[in-house]
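Subject: Structure for you to look at

Hi,

I am handing over the structure we talked about, and my notes on it follow below. Please have a look when you find a moment.

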Amino acid sequence: MNSNGEDPRNVKKKTRSSVHSNGVWHPVGMRLRRGVVAARPSFVTLGCCFPFPPQRLVWTMFSSSLGEASLERAASGAPPDPGSPPPPLQDHTAEIDALRETGALFYARGWSVGTSSNYSIVLRRDPLELLVTASGKDKGRLTRADFVCVGPDGQPTQSGQAKSSAETLLHVAAAEDENVGAVLHTHSVWATLLSEHYGGQGGWSLAGYEMLKGLAGISTHETSEHVEIFANTQNIPTLAEQFRQLRNDAPERLRHGYLIHKHGLYTWGRDLAEARRHIEIYEFLFECEARKLQYQR
Ligand SMILES: [Zn+2]
């Protein structure tokens with residue numbers, strides 16, 4: 001018995017029980033498995049595990065439903081709520097849905113986790129206009145509100161749109177080639193590891209693989225494909241200029257894509273289907289190359 005005349009074992013049990021009911025002491029995994037987090041997030045539990053503030057986390061978790069709400073509001077013609085996220089674009093729903101499906105696939109494959117990656121489709125030329133993913137969105141759960149239209153300077157072509165991806169100018173630079181209809185960027189484990197391994201020499205070649213035939217214009221395994229590796233930087237305009245310069249000076253080094261050191265892969269295609277295929281081919285070959293290095297040790 002304690003000073004209150006209670007058995008200490010019962011006090012402990014009671015305390016644990018009340019904390020449990022407030023949703024604080026649960027391990028995150030347990031809550032996720034039970035789906036409790038989505039219904040009533042615990043900031044205390046999750047705040048220590050994720051490197052961004054609870055408000056951002058809540059937005060990410062509920063972005064799907066909010067996107068649909070914005071869609072309904074936009075469809076009704078009602079003015080946007082000043083406190084709500086930007087409404088979805090009224091046009092380009094086919095392209096948007098195709099990129100949403102791409103995001104779900106890449107997320108499931110582990111190539112676009114943690115809100116990383118960005119995707120774009122060329123909407124028109126003269127002047128160039130791209131549909132590109134908005135900044136910081138969960139690629140596994142993209143909504144129709146998670147896209148922006150940008151012009152040749154990478155700036156939104158309409159007011160009130162969501163913020164475009166920080167790497168938008170790399171999409172614009174790749175899409176300046178009139179043969180490019182879509183640009184895809186992923187952050188996979190194998191691409192990240194290989195870009196570190198070969199980063200010091202600026203790139204390496206994929207050679208002799210049957211799967212190289214999945215890259216546009218290649219019809220035999222008896223070939224090699226150079227993979228350029230650019231230094232990583234947060235100065236995207238500078239990186240975009242480096243890309244343009246190399247494409248102009250040595251286009252054979254940028255036939256289908258490139259890596260950024262310890263960062264990820266950029267590739268493109270005549271259309272979204274071809275760009276998606278290029279991602280799949282590169283990722284397959286990167287995994288082959290990285291596993292080969294492992295067992296050659
Ligand atoms: Zn990136």
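Among contacts in the protein between residues at least 6 apart in sequence, 59% join residues at least 24 apart; two residues are in contact if their C-beta atoms, placed from the backbone, lie within 7 Å. Please keep in mind that this is a predicted model, where local features need pLDDT of at least 70, side-chain atom pairs count only at pLDDT 80 or more, and totals for chains, interfaces and linings use all residues. Residue numbers start from 1 along each chain as its sequence is written.

There are ten helices and eight strands in the protein. Helices (H or I, at least four residues) and strands (E, at least two) are DSSP runs, numbered from the N terminus. Of the 297 residues, 32% count as buried. A residue is called buried if 20 or more other C-beta atoms lie within 10 Å of its own, exposed if 12 or fewer, and partly exposed in between, with C-beta atoms placed from the backbone.

Let me begin with helix 10. Its 24 residues (272–295) should span 34 Å at 1.5 Å a residue, and the end C-alpha atoms are 35 Å apart, which agrees. The expected span here is 1.5 Å times one less than the number of residues. Buried residues in helix 10 include Leu272, Ile279, Tyr282, Glu283, Phe286 and Glu289.

Helix 8 (residues 189–197) meets helix 10, their axes coming within 9 Å and crossing at roughly 55°. That makes helix 8 oblique to helix 10. The contact is made by Trp190, Ala191, Leu193, Leu194 and His197 of helix 8 and by Glu283, Phe286, Glu287, Glu289, Ala290 and Leu293 of helix 10. By type, the residues of this contact divide into seven nonpolar, one polar and three charged. For these classes, Ala, Val, Leu, Ile, Met, Phe, Trp, Tyr, Cys and Pro count as nonpolar, Asp, Glu, Lys and Arg as charged, and the others, Gly among them, as polar. Axes are lines fitted to C-alpha atoms, for helices over the stretch in contact, and angles run from 0 to 180 degrees between N-to-C directions. Angles under 35 degrees count as roughly parallel, over 145 as roughly antiparallel, 65 to 115 as roughly perpendicular and the rest as oblique.

The buried residues of helix 8 are Trp190, Ala191, Thr192, Leu194 and Ser195. Their cover includes strand 4 (182–186), strand 6 (224–230), strand 7, strand 8 and helix 10.

The other helix pair to look at is helix 7 (residues 168–175) with helix 9 (residues 236–249), whose axes come within 8 Å and cross at roughly 20°. That makes helix 7 roughly parallel to helix 9. Helix 7 brings Leu169, Leu170 and Ala173 to the contact, and helix 9 brings Ile236, Pro237, Leu239, Ala240, Phe243 and Arg244. These residues divide into eight nonpolar, no polar and one charged.

Helix 9 also holds glutamine 242, which is partly exposed, with 16 other C-beta atoms within 10 Å. The C-alpha atoms of glutamine 242 and phenylalanine 230 are separated by 8.4 Å, the two residues being twelve apart along the chain.

A few backbone details are worth checking on your screen. Lysine 262 has a positive phi of about 55° although it is not a glycine. Lysine 262 sits in the loop between strand 7 (257–260) and strand 8 (264–269) and is partly exposed, with 14 other C-beta atoms within 10 Å. Leaving aside neighbours within four places in sequence, lysine 262 is in contact with Thr192, Ser195, Glu196 and Asn232. The C-alpha atoms of lysine 262 and serine 188, 74 residues apart along the chain, are separated by 9.9 Å.

Serine 117 is another non-glycine with a positive phi, of about 80°. Serine 117 is in the loop between helix 6 (93–108) and strand 1, and counts as buried with 25 C-beta neighbours inside 10 Å.

Finally, the peptide bond from aspartate 126 to proline 127 is cis, with omega near -5°. Proline 127 lies in the loop between strand 1 (118–124) and strand 2 (129–133).

Best wishes
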